[in-house]
Amino acid sequence: MTLKISLFLWVLLIAMNMQAQQQGNVVEYFGKERVETTDEGHVLHRFHQGLMLNGAIRPGMLMGNQDVVLWLMATGQRKQPAAGEELIAGFPQRQDTLRWEAVRADSNHLFTGMQRGWLYAEFESAERQIVLLEATGHTMALINGLPYEGDHYDYGYTLHPVELKQGINTFLFSYGRFQRLKAALVIPSQPVMLLRRDMTLPTVLKGAHMPLHAAIRVLNATRDELSGLKMKVMLASGEELVSPLLHVPAMSQRKLPFLVPAPLQLPEIDKVEARLQLLDAHNQMLHQIDVMLKVQDARTYHERTFVSQIDGSVQYFSVLPSLSDSAAQPLVLSLHGASVEATNQIRAYKPKSWAHIVAPTNRRPFGFNWEDWGRLDAFEVLDQARRLWQTDSLRTYVTGHSMGGHGTWVMGGTYPGMFAAMAPAAGYPDIIAYRRTGSDTAFFDHPHYQMLYRSALHARMTAFTENYVQTPLYVLHGDADEVVPVTQARSMRDILAPLHRHMAYYEHPGGTHWYGDESMDWPPLFEFLRRHKMKPVSERDTLVLLTANIGVNATNAWLTIGQQQQNGMMSRAEAIRSPKSLEIKTANVRRLALSDEAFGTLQVKQVTIDGQKVSTGTKYFYFDGKRWKPTDNIPENEKHPGRNGGFKTAFEKRFVLVYGTGGSEEMQEWNRRRALFDAETFLYRANGAPEVLADTLFDEKQFAGRNIILYGNAETNRAWNKLLSDAPLQAGEGYVQVGRQRFEGDDLGFYAVFPLKGTNDNLIGIVGGSGLTGLKAAVQNHYFSGITAFPDLMIFKAGWLLNGLEDMRMSGFFGPDWGVDSGSWTLSKP
């Protein structure tokens with residue numbers, strides 16, 4: 001049984017929940033199917049009683065959470081709690097007395113009242129056995145001390161294979177978005193199966209004859225890796241297609257891409273029946289299910305699937321073609337709000353006679369605030385749409401509502417010269433200013449916080465005024481908006497209006513956060529977009545580019561900032577071109593590049609950079625600290641726009657997760673589960689499909705062109721010495737060393753990113769530790785968030801899980817040459 005909520009019901013949900021939640025988009029489900037029944041086995045046990053520890057988590061923004069329970073787990077102090085037991089949490093600037101309280105689930109098996117805390121429960125198993133954890137409403141689970149991804153948006157997707165030990169098994173669940181939890185243990189009906197939960201199925205388009213991309217979760221509730229799998233798809237009309245599938249690690253689930261044949265003849269009804277058969281390496285059937293594929297008309301609202309270059313997963317987007325068949329029409333990129341599906345976003349628009357509209361997913365309905373992987377998803381969909389319709393490259397527009405309005409502020413302010421016009425609706429420009437809550441407030445002035453802030457500066461949109469004034473802007477907001485206050489729009493109006501020559505601003509009288517389709521599909525807004533067109537790149541004579549991270553954006557038309565002097569600090573380049581000369585002014589720029597369009601048809605004979613005349617015989621320039629010099633392109637072993645760092649960027653390009661198999665049994669199991677935890681989180685938050693494998697199976701040649709994420713250290717992960725033997729960071733049991741700086745102890749965790757040697761644009765990320773305690777200190781994977789900030793390197797003691805930045809030991813950025821001495825660092829005493 002599933003639940004679908006319409007646009008009308010979504011509006012009602014906003015109104016009903018407004019009293020309970022005062023910030024963020026409060027929509028729970030909008031066009032998304034929610035799992036309501038368990039079809040994968042029979043329920044062994046439902047959790048009905050436990051102990052709740054509220055107040056144990058202090059949410060953060062850039063730095064992630066502080067968490068008493070995770071700290072106890074990492075430092076080996078976690079034990080079976082008792083009702084009434086008190087804990088003293090020494091959070092910075094205050095101490096809290098926390099108490100484990102006995103609680104019971106209600107008649108619907110729901111635990112309620114979770115407030116920034118954890119629920120503890122137990123199950124005594126008569127034997128060692130494999131079960132499935134089915135749980136909803138939590139952000140994370142610790143099962144017998146090992147981490148598992150949660151279901152904090154309460155979709156009902158979670159179904160983790162778990163091996164219970166004989167005797168008492170412990171379960172800890174952290175609170176989720178809606179402060180409610182339901183959990184059960186299920187005996188699987190079979191050890192390997194296809195899951196109906198969270199399928200990405202294609203739409204069959206009338207008149208299309210190419211195979212279609214799809215993805216489905218494969219559950220492996222066995223102790224063996226599954227390799228050589230195949231998916232056989234049989235349509236009721238007779239067409240068949242067999243696709244090889246990626247491997248599935250033991251005791252895990254993975255969402256695997258496959259192909260669906262296009263039917264040669266479409267049925268009279270609007271659905272096509274398909275049978276999916278999971279085959280093993282010997283073509284023996286392991287499981288099969290029947291599904292229905294929608295049939296849609298490509299001339300009106302419809303959905304399309306594609307394979308993402310970020311991680312090889314299958315994603316979808318929604319489109320609304322123009323009513324006109326004329327070639328090279330404009331394209332409108334529309335970004336949805338939090339919890340809104342792209343399918344519903346696109347259907348809030350009426351068809352246009354002059355433009356196509358495309359709505360990406362942000363990887364999920366909540367996604368990444370259109371930052372990080374959400375931003376990348378938008379660009380992938382933009383590329384798909386441009387190729388689909390061969391659109392007018394000078395008339396691409398960006399708009400969006402709520403979180404999508406924020407995305408519009410981000411995209412328009414980050415990429416001057418890319419969009420002919422931008423139109424945020426009910427959006428907040430800066431998410432930190434919008435949601436200034438949590439433990440971060442205690443650390444605003446902390447030196448390590450400044451490093452984190454630098455790594456997030458590229459999304460602090462109020463700092464990018466000079467980028468905005470280059471793009472025509474229409475701001476739409478309801479003056480009675482109770483979710484995103486109209487002051488968010490007014491603040492940007494006050495900043496930009498005195499400077500912006502092409503800005504329109506409209507407050508809808510009495511308009512709430514959603515007051516009907518006109519909250520987005522506002523005729524004057526679309527008329528504003530239609531009127532604007534960019535100049536060709538070669539005709540743009542005055543350019544300004546502000547960027548804080550050249551890996552996010554480095555280019556405006558024909559001008560590129562190829563390297564910064566200081567990472568994470570604002571860089572600026574201004575170029576003014578006259579018929580015979582080109583003058584450039586810079587700040588915090590180490591390398592510049594000019595494309596051929598910089599010279600156009602003009603007879604530019606003189607280039608001046610920061611008052612210094614330079615040669616016109618080259619397109620690349622380098623600042624040595626005193627003078628600008630002509631040079632070749634950026635050396636591949638240095639930082640450049642394609643590989644600039646920030647730890648999170650290691651997860652942006654077809655990454656493979658490699659866990660160490662060295663050390664004690666407990667350490668081996670922790671590293672394996674930690675890698676699977678990241679894979680589960682990226683699946684849940686990004687609809688992703690990352691590869692997970694042991695260091696003993698890692699082959700550099702097999703994964704050429706991929707980013708690599710290592711778990712462990714040089715003594716526990718065999719891939720370390722293959723990839724990082726000459727890296728400036730080395731770590732083993734009892735120590736972490738960066739250049740000449742050495743930290744000792746077994747409780748040091750770290751996140752780091754380095755270039756993958758022998759490649760021009762690949763990275764290695766490390767989730768490491770100096771011992772089991774240090775590895776557990778790195779348990780939180782808040783890097784899969786559109787809000788958090790991670791510089792190139794962070795080293796911390798286990799106490800940072802409780803004390804935050806007070807227990808950070810080193811943070812910062814490697815230099816332009818990826819060196820330590822040329823970098824920017826904050827150090828604390830060892």
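How many residues does helix α5 have, and how far does α5 reach from its first C-alpha to its last? Select residues 403–414: helix α5 has twelve residues and reaches 16 Å, close to the 16 Å expected at 1.5 Å a residue. (Helices, H or I of at least four residues, and strands, E of at least two, are DSSP runs numbered from the N terminus; the expected span is 1.5 Å times one less than the number of residues.)

Before you click on: this is a predicted model, where local features need pLDDT of at least 70, side-chain atom pairs count only at pLDDT 80 or more, and totals for chains, interfaces and linings use all residues. Residues are numbered from 1 along each chain as its sequence is written, and side-chain values use heavy atoms, with hydrogens and water left out.

Twelve of its twelve residues are buried, so α5 is largely enclosed by the rest of the structure. Buried here means under 20% relative accessible area, exposed over 50%, and partly exposed in between (1.4 Å probe, protein chains only). Among the buried residues are His406, Trp409 and Met411.

Next, select 665–686. That's helix α11, with 22 residues and a reach of 31 Å between its end C-alphas, close to the 32 Å expected at 1.5 Å a residue. Of the 22 residues in α11, 18 are buried, so this helix too is largely enclosed by the rest of the structure. Step just past α11 and you land on Asn687, which takes a positive phi of about 50°.

Show side chains for Arg673 and Glu680. They meet in a salt bridge at 2.6 Å, N to O (a side-chain nitrogen of Lys or Arg within 4 Å of a carboxyl oxygen of Asp or Glu), and both Glu680 and Arg673 are buried.

Now for a sheet. β35, β36, β39, β42 and β43 form an open sheet in that order, with antiparallel pairing. β35 (555–556) and β43 (628–630) are at the edges with a single partner strand each, so one side of each is left without a neighbour in the sheet. Strands pair if DSSP finds at least two bridges between them; β35 and β36 (residues 559–564) have two. Pick Thr555 and you'll find it opposite Thr560 in β36.

Arg591 lies in strand β39 (residues 589–594) and Glu638 in the loop between β43 and β44 (656–659), so the pair ties together parts 47 residues apart in sequence.

Last stop: the rings. The whole structure has 42 aromatic pairs. Rings of Phe, Tyr and Trp (its six-membered ring) pair if their centres lie within 6.5 Å; planes under 30 degrees apart count as stacked, over 60 as edge-to-face and the rest as tilted. Select Trp373 and Phe784: they form a tilted pair, 5.8 Å centre to centre with 55° between the planes. Trp373 lies in helix α4 (residues 373–389) and Phe784 in the loop between α13 (772–777) and β52 (793–797), so the pair ties together parts that are 411 residues apart in sequence. Ring pairs link both into a cluster that also includes Phe368, Phe682 and Trp800.
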